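Please read the following note with the sequence and the model open side by side. Each point may be checked against the residues it names.

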Amino acid sequence: MMDKRDFAFSRMNFILLAVGMLVVVVGFILMSGGSSSEEAYNPDIFSTRRIVVAPIVCLLGFVSMIYAVVHKPKDEAQKEVTE
């Protein structure tokens, strides 16, 4: 049988990872929209939402995913201090 200590990630790591992934998906959804074609120019491709807000949201999502990977569960951190 596998013991809880055998897993590299705790439940909290997976929750933080899922939240980070959700933030990245929201950022990509904010980036989506109509495009320009040869027949019609769409000025919405240069909107603030698409070129400023969405990349910042994606960046925050990726940073939070990195934090989720390096986050150490509290019970393991306390064990190392006491040993």
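Predicted model: local features only at pLDDT ≥ 70, side-chain atom pairs only at ≥ 80, totals over all residues.

1. Residues are numbered from 1 along each chain as its sequence is written, and side-chain values use heavy atoms, with hydrogens and water left out.

2. Helix α2 covers residues 48-70. Helices here are DSSP runs (H or I, at least four residues), numbered from the N terminus. The expected span of a helix is 1.5 Å times one less than its number of residues. The 23 residues of α2 should therefore span 33 Å, and the end C-alpha atoms are 32 Å apart, which agrees.

3. Helix α2 has a kink of about 30° at Ala54, shortly before the proline Pro55. The bend at a residue is the angle between axes fitted to the seven residues ending there and the seven starting there.

4. Which residues of α2 are buried? They are Arg50, Ala54, Val57, Cys58, Gly61, Met65 and Ala68. Buried means under 20% relative accessible area, exposed over 50%, and partly exposed in between (1.4 Å probe, protein chains only). An α-helix has 3.6 residues a turn, so residues three or four places apart point the same way. The cover over the buried residues of α2 includes α1 (11-31), where cover is judged by contact, meaning heavy atoms within 4.5 Å.

5. A nonpolar surface patch is formed by Tyr41, Phe46, Ile51, Val52, Val53, Ile56 and Leu60, with about 710 Å² of accessible area together. Patches are made of residues with over 30% relative accessible area and no salt bridge; nonpolar side chains (Val, Leu, Ile, Met, Phe, Trp, Tyr) are joined within 5 Å, and like charges within 9 Å. Accessible areas come from the Shrake-Rupley method with a 1.4 Å probe; for residues, only the protein chains shown count as cover. Ile51 belongs to helix α2.

6. The count of salt bridges is one, the rule being a side-chain nitrogen of Lys or Arg within 4 Å of a carboxyl oxygen of Asp or Glu. The side chains of Asp44 and Arg50 form it (3.7 Å, N to O). Asp44 is partly exposed at 31% relative accessible area, whereas Arg50 is buried at 13%.

7. Asn13, in helix α1, is buried, with a relative accessible area of 2%. Leaving aside residues up to four places away in sequence, Asn13 touches Ala68, Val69, His71 and Pro73.

8. Phe9 lies in the segment before α1 and is partly exposed at 29% relative accessibility. Phe9 and Ala68 are 59 residues apart in sequence, yet 9.1 Å apart in space, C-alpha to C-alpha.

Methods: Helix = DSSP H or I, 4+ residues; strand = E, 2+ residues; numbered from the N terminus.
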